[in-house]
Amino acid sequence: MNLVYNAFMKVTIKELAEKAGVSKTAVSFAFNNPKRISADTYNRIMQIAREIGYSPDPVARILATHRTQTIGMLFPQPVTEIFKNPHIAELVRGVGALCDEKGYSLTLLSPLKGVIDHTVQNAAVDGMIILGVDKYSTVHDAFRQRSMPYVAIDADMNAEYSNVGIDDASLSEKLMDILLDNGHRRICFCSLQPVAEDLAESVHSITYDARTQGIRKSVEKHNLSEEDKNQFIYIDSETSFEPCFRMAKEVLSKNPRPTAVFCNADIQAFGFYSAAQDLGLSIPEDFSVVSFDDLSISRILKPGLTAVHQNAYEKGLCAAKLLMEQLDGCAPRSTLVPASVEERGSVARI
């Protein structure tokens, strides 16, 4: 009878508590918050749980607590695409660090059937971190309808929801100042591909708009003529190396070739460094490069890359902290993560 019971009957939390000589609350702490009980009590509970074959029922826990102990990280692109950009991997690493500390699972989410709102409406998570939206996006209505806490990364700063970002406009202006102060006028601007909000519409992100604002301010400050501005080249690129490399070779094969390239992500700069080597060109003698992100891997580039340094890991960690605050009942709040322009050897005077 015992063999049949052990093989086919679900052991309950009550039975485990009785065998361990503790309360059901202590058993719950052992599996969900071990720091609330002593090490001896925890070890005794876990040993007996193994002996009698007890494991907590996650569905029952969710029904009892109305919490999944899971947060979602929602991207505007398919999951198969997001990790092609190493900046995204660092964001996820930062979010994951706090999830590990707090005992939360992390679920990566992409637009369900091409629509971000559908993902918000259907995901079984306690809260979300979302990338690349602005205050006009319908996704905010979807979150409000679910009464779900959420934090945006690289959206705009306002009182309606939490956002973690950097001062893109000011930093972009400083980066553009470096190029213009060094005499560059024939500049190629490489933006990231437009964000897909649904299957029918693509828009540039709030980050793109802010950086464009900074570039314009720098241009106005330097009193560039229309002839100068007509030399600018604007290109969208994907966020993986091979497309960036092909794009860079195409740009550098133009006649006349741009004297400088303004990248919106290090992955684009990697493409230009590699293309230069393929084409027998030198940086910065033949063309200059500036970028955003300043990933740790970019330290291998020679010459060093002049870039806006933003710590993506810290940005993700900060977003996770703001979300955990909301899950604990705090009001939404936003913050700017420190960032700076690091001048190195990738820009020459012409």
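A residue is called buried under 20% relative accessible area, exposed over 50% and partly exposed in between, for a 1.4 Å probe and protein chains only. Tyr161, at 2% relative accessibility, therefore counts as buried. The structure is a predicted model, in which local features need pLDDT of at least 70, side-chain atom pairs count only at pLDDT 80 or more, and totals for chains, interfaces and linings use all residues. Residues are numbered from 1 along each chain as its sequence is written, and side-chain values use heavy atoms, with hydrogens and water left out.

Aromatic pairs were examined next. Rings of Phe, Tyr and Trp (its six-membered ring) pair if their centres lie within 6.5 Å; planes under 30 degrees apart count as stacked, over 60 as edge-to-face and the rest as tilted. Ten aromatic pairs occur in the structure. In one of them, the ring centres of Tyr150 and Tyr161 are 6.0 Å apart and the planes meet at 25 degrees, so this pair is stacked. Tyr150 belongs to strand β4, while Tyr161 lies in the loop between β4 and β5, eleven residues apart. Strands (E, at least two residues) and helices (H or I, at least four) are DSSP runs, numbered from the N terminus. Tyr150 is buried because its relative accessibility is 8%.

Phe189 and Phe232 form an edge-to-face pair, with 5.1 Å centre to centre and 75 degrees between the planes. This pair links distant parts of the chain: Phe189 is in strand β6 (residues 187–192), and Phe232 is in the loop between α12 (226–229) and β9 (233–237), 43 residues apart. Both Phe189 and Phe232 are buried. Ring pairs also join Phe189 and Phe232 with Tyr234, Phe262 and Phe292 in a cluster. The charged end of Arg211 sits over the Phe292 ring, 3.6 Å from its centre. For this label, NZ of Lys or CZ of Arg must be within 6 Å of the ring centre and within 35 degrees of the ring normal.

Strand pairing requires at least two bridges found by DSSP. β4 and β5 run parallel and are joined by three bridges. Val151 stands opposite Ser162 in β5. Two bridges connect β5 to strand β13 (residues 335–336), again in parallel. Thr335 in β13 is the bridge partner of Val164. Ser162 and Val164 point one way from β5, Asn163 and Gly165 the other way, and all are buried.

Asp154 occupies the loop between β4 (150–153) and β5 (162–165). Its relative accessible area is 16%, so Asp154 is buried. Contacts (heavy atoms within 4.5 Å) of Asp154 include Asn163, Val164 and Lys315, not counting residues up to four places away in sequence.
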